[in-house]
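The entries follow the order in which I looked.

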Amino acid sequence: MQEQQRPLSAAPRVSFVSLGCPKALVDSERIITRLRAEGYELSRTHAGADVVIVNTCGFLDSAKAESLEAIGAALNENGKVIVTGCMGAEPEAITTRFPQVLAITGPQQYESVVDAVHRAAAPAHDPFVDLLPEQGVKLTPRHYAYLKISEGCDNSCSFCIIPHLRGPLVSRPAADVLREAEKLARAGVKELLVISQDTSAYGRDIRYAESMFGDRSVRARFLDLARELGDLGLWVRLHYVYPYPHVDEVMPLMAEGKILPYLDIPFQHAAPNVLKAMKRPANEEKTLARIRAWREACPDLALRSTFIVGFPGETDADFDYLLDWLGEAEIDRAGAFKYEPVAGAPAEALGLPAVPDDVKETRWKRFMEKQQAISARLMKRKIGKRLSVIIDEPGGGPSGARAKGRTKADAPQIDGAAFIASRRPLRVGDIVTAKIERAEAYDVYGAAT
């Protein structure tokens, strides 16, 4: 049934699709916040919107295929589509298939997206910024939020085209980041997930410049920012951290409980030959020794990481080295991706032999089986402990249902869960102490104390 036409005076409506990583989600939040400030409304369906925005991911061929599928669906259901995001950096890949899209912009080009929306569906009235919540529009649940501290990346990893898509490192002034964090805290956010392309490089491009936050000056430096965020009294979780030597400096903050004892470090591999071909930063460090030192300083530290199997030139010996390293490092949470050729990535010009697809598949399965066994072993150590849990889905009380949450070792969407029984009702955003009674490979079960 065709939707009934709205009066001409009604606010224009926008439907939004956000694909890709949390960094892209923050971009989507910024665009939506601007449009809501100008009086636009969000539509739950493409058919009910005046225009559709698709924020694309263009990192891998599989991600590009998903983006193209989303664009096609939006065109079929609505017809008026604006495309932004990483895939927008290569517009010909979109226009070749969908020449009828209204506009294409690259990542972080918020003004261009808003201008394109104005052309497609003019705002109904002048902006009233005070109609918006102070923290802006968020696409995450109320109790956690992503906090992006920089854009772009200065690394030259051979498998990656992010610097081409998103440009070089551009760090935000520390005071701007902290003011946003304060607004989120006032809005009820309990957990901040700090993200960027290279979080531990924060501030390098602006020479760690100082900026005024309240009555004091704060440096745009990884340690300084982590310390200031820790003073807000929230769960602060660090993602996409490269293992540069100065990362050691945050261990005391974790041990003191200022920030969560959690590091998301994309190691990608362990074999020296593969790391060299990948051109990974900081790969010369004795990583295992540093991990041991981190855990001595902060015994509760949880490490999550991602790895690539089947990179060009990866031998059986290289892969076995990775599995041995994984067992020794005892990474708490790890995922693996089968290498995909990326157009424009330097890896495709290294002249290294491609790993056959069936070999990639076998190695991926072996990796995941190894990691599952490691995780199951580590999870058993949690039985009998009392752990803090943040609640994502309500439960407890008269319903008898277990609430679903996460421990300090678990980030939303990507890690494990904690299922908690409670005599009292547990609400979304509550932080409770639970005694762990049972553990599986990735999840724990317990009761609120």
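**Ground rules.** I take helices (H or I, at least four residues) and strands (E, at least two) as DSSP runs, numbered from the N terminus. I am working from a predicted model, in which local features need pLDDT of at least 70 and side-chain atom pairs count only at pLDDT 80 or more, while totals for chains, interfaces and linings use all residues. Residues are numbered from 1 along each chain as its sequence is written, and side-chain values use heavy atoms, with hydrogens and water left out.

**Second largest pocket.** I looked up which helix gives the most to the lining of the second largest pocket, and found α10, with four residues. For the search, on a 1 Å grid over the protein atoms alone, a pocket is an open set of points with protein on both sides within 12 Å along at least five of seven lines, a cavity is a set of points where a 1.4 Å probe fits but cannot get out, and lining residues have an atom within 4 Å of a point. Grid points are joined across faces, edges and corners, and a volume is the space filled by probe spheres set on the points. The second largest pocket holds about 700 Å³ of space. It is lined by 32 residues, of which P299, D300, L301, A302 and K382 are the closest to its centre. Two or more lining residues come from each of β12 (235-238), α10 (287-297), α11 (316-329) and β16 (386-393). By class I noted 16 nonpolar, five polar and 11 charged residues in this lining, where Ala, Val, Leu, Ile, Met, Phe, Trp, Tyr, Cys and Pro count as nonpolar, Asp, Glu, Lys and Arg as charged, and the others, Gly among them, as polar.

**Largest pocket.** I read a volume of about 1,200 Å³ for the largest pocket. Among its 45 lining residues, C21, K23, F59, Y240 and F337 are the closest to the centre. At least two lining residues each are supplied by α1, α2 (61-77), α5 (162-166), β14 (302-309) and β15 (333-338). The lining divides into 27 nonpolar, 10 polar and eight charged residues.

**Cavities.** How many cavities of 30 Å³ or more does the whole structure have? I find four. The largest cavity contains about 50 Å³ of space, and its lining consists of D332, R333, S375, L378, M379, K382 and A409. Helix α12 (residues 357-380) provides the largest share of that lining, three residues. I count the classes there as three nonpolar, one polar and three charged.

**Helix α1 against α4.** Axes here are lines fitted to C-alpha atoms, for helices over the stretch in contact, and angles run from 0 to 180 degrees between N-to-C directions. Helix α1 (residues 22-37) packs on helix α4 (residues 110-120) at about 45°, with the axes 10 Å apart. I therefore call α1 oblique to α4, since angles under 35 degrees count as roughly parallel, over 145 as roughly antiparallel, 65 to 115 as roughly perpendicular and the rest as oblique. With contact meaning heavy atoms within 4.5 Å, D27, R30, I31, R34 and L35 in α1 meet Y110, E111, V113, V114 and V117 in α4. That contact has six nonpolar, no polar and four charged residues.

**Helix α6 against α7.** Helix α6 (residues 174-186) and helix α7 (residues 222-230) pack at about 25°, their axes 11 Å apart. This makes α6 roughly parallel to α7. In this contact, A174, V177, L178 and A181 of α6 meet L225, E228 and L229 of α7, and the classes are six nonpolar, no polar and one charged.
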